Amino acid sequence: MRAAVVSGLAAMVWPNRQRRVNFTNPLNGRRWLSLLASDPRHGIRFHPNLSLDRRELGFSFRSNALGLRGPAAPDAPQVLLGTSFAMGLSVDNGENWYEQILESGQWFNAAMPVGPLNQIRLLEDVYTGSGDALLYLYHPNLWKTAQGYLAADREGRDIFSIMRWKADHASTLKLIPRWLAKEGAKATSGLSHYARIDGEPWFFNAAYCHLELDQNKALFDTVAGHLDQLFTRFKKVVVLRVPIKEELAADCGFSPRLTLLAQGYDRFWDAFRVRLAPHVEAHALPCSAFGFSDFLPYDTHWSARGNATFCRLAAPLLRGAGLTGIIERD
């Protein structure tokens, strides 16, 4: 166990040398944050018309003229929303799932790692389509993400200030000693769990977007109310819950902390599902359908293989729900 922690922390510190995407490392996080600009209504957007090769982030990346991902198609009849799993991240252009199964002229990718209130405002300001259908990817970071943006709204501050995000070199260098100390403490307490899988070190965060439902009922009610408002804008809504690698690790019995984290995710999902309107169809994709190779060792997102796995699972559900613009795949 000690060897796994040592090798895991080493890979955390030097992810570029070991070719790992890891935005918890302040040096890599600075590159990511430098692509973003705060927005008083939408939370954040990318700087428009970015085109980066793999040397910048570890994967190729583009933004469109709206500062979003995918083709700029605000008049499309159907919309894709969610946080970063829906937006597309951590794999090269062309490997994100929506590029593989959604016809670009039929779908507007408005997803960003922001709260539902920000998504409502974005649609009010940008979307001109008919609102035939919404595909919403439910990720467990939804509630914690929304919490930060609601605080920014309430306090009249931008999300960079609320989250203490730093994108300049000097501030980033100052963060490194504190970050290293924090990661060491988390490894000791079990909040950071390291394991070797197929001979490679992997990192699992047992504190990832952790919230207790009983202690955050007001937050849940507020955010769920915003989701209700969002869903009423569309004739048909399909919600797909995506599993994350911490849930896979919990199912494998890696640690009691990870098990508690996964149970907390389930409580929020169950509370969310019981209040859905009749025109909203919800599915939870099974963790058992994914393997660790579907994820990245030091990032929360899917690998190219994971994007393909999601496509295989999601396509029949989307067709069964009557959504159009779904590309046939082998």
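In the predicted model, Arg257 touches Ser189, Gly190, Leu191 and Ala206, residues up to four places away in sequence being left out of the count. Arg257 itself is placed in helix 12. The side chain of Arg257 reaches the backbone oxygen of Ser189 at a distance of 3.4 Å. With a relative accessible area of 39%, Arg257 is partly exposed, because this value falls between the limits of 20% for buried and 50% for exposed residues. Although Arg257 and Val239 are 18 residues apart along the chain, their C-alpha atoms are separated by 27 Å.

Helix 12, which spans residues 256-273, also holds Asp266. The side chain of Asp266 meets that of Arg241 in a salt bridge, with an N to O distance of 2.9 Å. This pair links distant parts of the chain, since Arg241 belongs to strand 10 (residues 236-241) and the two partners lie 25 residues apart. Arg241 additionally forms a salt bridge with Glu247, in which the closest N and O atoms are 2.8 Å apart. In this second pairing, both Glu247 and Arg241 are buried.

A search of the whole structure for such pairs finds 16 salt bridges. Another of these joins Glu328 to Arg319, with 3.5 Å between the closest N and O atoms. Glu328 is exposed, with a relative accessible area of 64%, while Arg319 counts as partly exposed at 32% relative accessibility.

Asn118 is found in helix 6, which comprises residues 116-126, and the side chain of Asn118 reaches the backbone oxygen of Arg41 at 3.1 Å. At 5% relative accessibility, Asn118 counts as buried, because the value is under the 20% limit.

The open space of the model was examined next. Rolling a probe the size of a water molecule over the atoms shows where empty space is left. About 1800 Å³ of space lies in the largest pocket. Its lining is made up of 44 residues, and those nearest the centre of the pocket are Phe23, Thr24, Met163, Trp165 and Tyr208. Two or more lining residues are given by each of helix 2 (26-33), helix 7 (142-155), helix 8 (159-163), helix 9 (169-189), strand 9 (200-205) and helix 11 (245-251). Helix 9 supplies the largest share of this lining, with seven residues. By residue class, the lining of the largest pocket divides into 21 nonpolar, 12 polar and 11 charged residues.

Methods: Residues numbered from 1 in each chain as written. Predicted model: local features only at pLDDT ≥ 70, side-chain atom pairs only at ≥ 80, totals over all residues. Heavy atoms only, no water. 1 Å grid on protein atoms, 1.4 Å probe; cavity = no way out; pocket = protein on both sides within 12 Å on 5 of 7 lines; lining within 4 Å. Points joined across faces, edges and corners; volume = space filled by probe spheres on them. Helix = DSSP H or I, 4+ residues; strand = E, 2+ residues; numbered from the N terminus. Nonpolar A, V, L, I, M, F, W, Y, C, P; charged D, E, K, R; others polar. Salt bridge = Lys/Arg side-chain N within 4 Å of Asp/Glu carboxyl O. Buried < 20%, exposed > 50% of the residue type's maximum accessible area, 1.4 Å probe, protein only. Contact = heavy atoms within 4.5 Å. Polar contact = N/O pair within 3.5 Å; in protein donor to acceptor, adjacent residues only side chain to side chain.
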